[in-house]
Amino acid sequence: MSTFHLVDHPLIQHKLTIMRDKNTTTKDFKQLLDEISMLMGYEVTRDLPLEDVEVETPITRATFKRIAGKKLAIVPILRAGLGMVDGLLRLVPVARVGHIGLYRDHVTHEPVEYYCKMPSDIEERTVIIVDPMLATGGSAADAITTVKARGAKKIILMCLVCAPEGVRRVQSTHPDVDIFAAALDERLNENAYIVPGLGDAGDRIFGTL
Ligand code: PRP
Ligand code: URA
């Protein structure tokens with residue numbers, strides 16, 4: 001069964017509170033999302049498998065740990081997920097980056113896919129799908145389905161703010177995918193926006209309000 005991990009370090013809560021403020025500038029919003037993404041990255045990567053490696057230090061030869069296998073792929077859901085990529089890449093600079101383009105239809109609120117490009121060896125990597133907002137969960141559930149169809153086996157979803165409806169949808173559609181988030185908000189409104197939320201994440205990151 002999928003686990004929901006709330007990553008609520010005081011620094012993350014503080015930065016997220018500033019992001020929620022409607023008067024926060026585009027520049028600050030983008031920078032705070034980047035900082036939170038890096039901080040969340042510590043928790044999201046906590047269970048990466050390790051293997052033994054022999055190293056010759058200047059003093060002696062000994063056995064140490066390194067991350068096993070092909071490592072990571074980061075997959076942002078366009079557009080807003082792009083704002084979470086650089087923070088994770090600072091932790092894991094060798095990670096590959098795939099992209100999924102999805103937008104929510106304004107009437108049905110269901111996702112429409114318009115782009116997909118994945119690393120060719122995605123099936124050998126742990127995939128971290130990133131998107132700041134998990135609202136109805138439709139976009140994330142579709143993105144996970146797409147990545148699975150390309151062969152990915154180990155998938156993690158990393159979000160900033162979730163609605164309970166979105167968490168339930170992803171967990172019921174993809175019980176094998178753990179979710180990491182900085183906040184679990186109250187509910188969705190009649191336009192399927194998260195309440196209290198932070199508004200339209202893509203518009204706030206890219207200044208297209
Ligand atoms: C937002 C957000 C998620 C999606 C969440 O993207 O970044 O991808 O909505 O909603 P859901 O859980 O109900 O699917 P949006 O469709 O606004 O596209 P954008 O990032 O290009 O603005
Ligand atoms: N997409 C957003 O950007 N914000 C929401 O609250 C819901 C969907």
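**Ground rules.** I number residues from 1 along each chain as its sequence is written, and chains are lettered from A and ligands numbered from 1 in the order in which they are written. Since the model is predicted, local features need pLDDT of at least 70 and side-chain atom pairs count only at pLDDT 80 or more, while totals for chains, interfaces and linings use all residues; side-chain values use heavy atoms, with hydrogens and water left out.

**Entry 1: ligand 1.** I looked up the neighbours, taking a residue as near if one of its heavy atoms lies within 4 Å of the molecule. Ligand 1 has 15 residues around it, and the closest are R104, D131, T136, G137 and S139. Next I checked polar contacts (pairs of N or O atoms within 3.5 Å). A side-chain N or O atom of D131 is 2.4 Å from an oxygen atom of ligand 1. For T136, a polar side-chain atom is 2.6 Å from a ligand 1 oxygen, and for R79 that distance is 2.9 Å. On its own, ligand 1 has 500 Å² of accessible area (Shrake-Rupley method, 1.4 Å probe). The protein covers 91% of it.

I also noted that ligand 1 sits in the largest pocket. A pocket here is an open set of points on a 1 Å grid over the protein atoms alone, where a 1.4 Å probe fits, with protein on both sides within 12 Å along at least five of seven lines. A molecule sits in one if more than half of its atoms lie within 2 Å of its grid points.

**Entry 2: ligand 2.** I found R104, M133, A135, A192, Y193, I194, G199, D200 and A201 around ligand 2. That shell splits into six nonpolar residues, one polar and two charged, with Gly counted as polar. Here my contacts go to the backbone: polar backbone atoms of I194 and A201 are each 2.8 Å from an oxygen atom of ligand 2. A backbone N or O atom of G199 is 2.8 Å from a ligand 2 nitrogen. Alone, ligand 2 exposes 240 Å², and the protein buries 89% of that. The space that ligand 2 takes is the largest pocket.

**Entry 3: cysteines.** I looked for disulfides (cysteine sulfur atoms within 2.5 Å) and found zero. From C116, the nearest cysteine sulfur belongs to C159, 18 Å away. C116 counts as buried (under 20% relative accessible area), at 17%. For C162, the nearest cysteine sulfur is again that of C159, at 4.6 Å, and C162 is in no disulfide. C162 is buried, with a relative accessible area of 0%.

Terms used. A polar contact is a pair of N or O atoms within 3.5 Å; within protein, one must be able to donate a hydrogen and the other to accept it, and residues adjacent in sequence count only if both atoms are side-chain atoms. On a 1 Å grid over the protein atoms alone, a cavity is a set of points where a 1.4 Å probe fits but cannot get out, and a pocket is an open set with protein on both sides within 12 Å along at least five of seven lines; lining residues have an atom within 4 Å of a point. Buried means under 20% relative accessible area, exposed over 50%, partly exposed in between (1.4 Å probe, protein chains only).
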